[in-house]
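Please look through the sequence and the structure shown below before reading on.

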Amino acid sequence: MQRILLVGIGNIPLPGTRHSVGHYILNSIASRCGYNMTLHDRLDGYFAQGETRLKDKPIQLSLFKPRPLMNIVGPAVKKACYATVDSPASMIVIQDTLHLEPGRVKVKFAGSAQGHGGIRSINDSLNHNSNYFRLLVGIGRGSDAKKYVLGALTSYEKRHWSADGEGLDEVWEYIETISEQMKVLLERPKGGAAESVKEPK
């Protein structure tokens, strides 16, 4: 059975903010799947695991929400990764991005952190290995980026990324597509390249 780790990053003390949209979406996925996320001290975060189906195929899906603040999530994510899947190539990290409008989402495999402190921390903790999938969730951009990312999600964004929202439907479609790409990448001796990732149909 295929195993996938889905990580949402953000700041636990600041729920419902733009920078914590990864947490918000992960909570919505847990609700949709009927998972109960509980604190796992050894992994240093909130964790749930169960069997679900992607494209009518059973998979083991683990959900992880790191407890450390955004810029130091790497060690906790590394623990969760190696406790649940065979390699980072079976991991998807949900992050915010200033480079997309609110409600937009984009998939990325490997590559630079593009200035994102949480992704930089994960890459550093994985010995500069960025060979994992990322779902970049648009939050738009304000004149003062540091203040803007700590602002609250709008009512539209909260509906869009809720358990029954259209945005979560799109996220789930991406996860289904990525699961197929993971199988291809894991069959390659040295992984794959970013251009091998396909958009959901």
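## Around helix α3

Helix α3 is followed by Asn-127, whose phi is positive, near 55°. The model is a predicted one, in which local features need pLDDT of at least 70 and side-chain atom pairs count only at pLDDT 80 or more, while totals for chains, interfaces and linings use all residues. Residues are numbered from 1 along each chain as its sequence is written, and side-chain values use heavy atoms, with hydrogens and water left out. Helices (H or I, at least four residues) and strands (E, at least two) are DSSP runs, numbered from the N terminus.

Helix α3 is mostly covered, since seven of its nine residues are buried, where buried means under 20% relative accessible area, exposed means over 50%, and partly exposed lies in between, with a 1.4 Å probe and protein chains only. The buried residues of α3 are Gly-117, Gly-118, Ile-119, Ser-121, Ile-122, Asn-123 and Ser-125, and what covers them includes α2, β5 and β7 (133-138). One of these residues, Gly-117, has a relative accessible area of 13%. Leaving aside neighbours within four places in sequence, Gly-117 is in contact with Met-70 and Asn-71, contact being defined as heavy atoms within 4.5 Å. Gly-117 and His-19 are 98 residues apart in sequence, and their C-alpha atoms are 11 Å apart in space.

The loop between β6 (105-109) and α3 holds Ala-110, and Gln-114 lies in the loop between β6 and α3 as well. Neither residue is a glycine, as the phi entries of the table note.

| Residue | Phi | Relative accessible area |
|---|---|---|
| Ala-110 | positive, near 60° | 11%, buried |
| Gln-114 | positive, about 55° | 45%, partly exposed |

## Helix α2 against helix α3

The axes of helix α2 (residues 74-84) and helix α3 (residues 117-125) come within 8 Å and cross at roughly 55°, the axes being lines fitted to C-alpha atoms, for helices over the stretch in contact, with angles that run from 0 to 180 degrees between N-to-C directions. That angle makes α2 oblique to α3, because angles under 35 degrees count as roughly parallel, over 145 as roughly antiparallel, 65 to 115 as roughly perpendicular and the rest as oblique. In this contact, Gly-74, Pro-75, Val-77 and Lys-78 of α2 meet Ser-121, Ile-122 and Ser-125 of α3. The residues of the contact of α2 with α3 divide into three nonpolar, three polar and one charged, where Ala, Val, Leu, Ile, Met, Phe, Trp, Tyr, Cys and Pro count as nonpolar, Asp, Glu, Lys and Arg as charged, and the others, Gly among them, as polar.

Within α2, the buried residues are Gly-74, Ala-76, Val-77, Ala-80, Cys-81 and Thr-84. They cover an arc of only 160° around the axis, which puts them on the same side of α2; the arc is that of the directions from the helix axis to the C-beta atoms. The cover over these buried residues includes β1 (2-8), β3 (45-54), β4 (57-66), β5 (91-97) and α3.

## Helix α1 against helix α6

Helix α1 (residues 21-33) and helix α6 (residues 166-187) pack at an angle of about 85°, with their axes 11 Å apart, and they are therefore roughly perpendicular to each other. The contact is made by Ile-25, Ser-28, Ile-29, Arg-32 and Cys-33 of α1 together with Leu-168, Asp-169, Val-171, Trp-172 and Ile-175 of α6. These residues divide into seven nonpolar, one polar and two charged.
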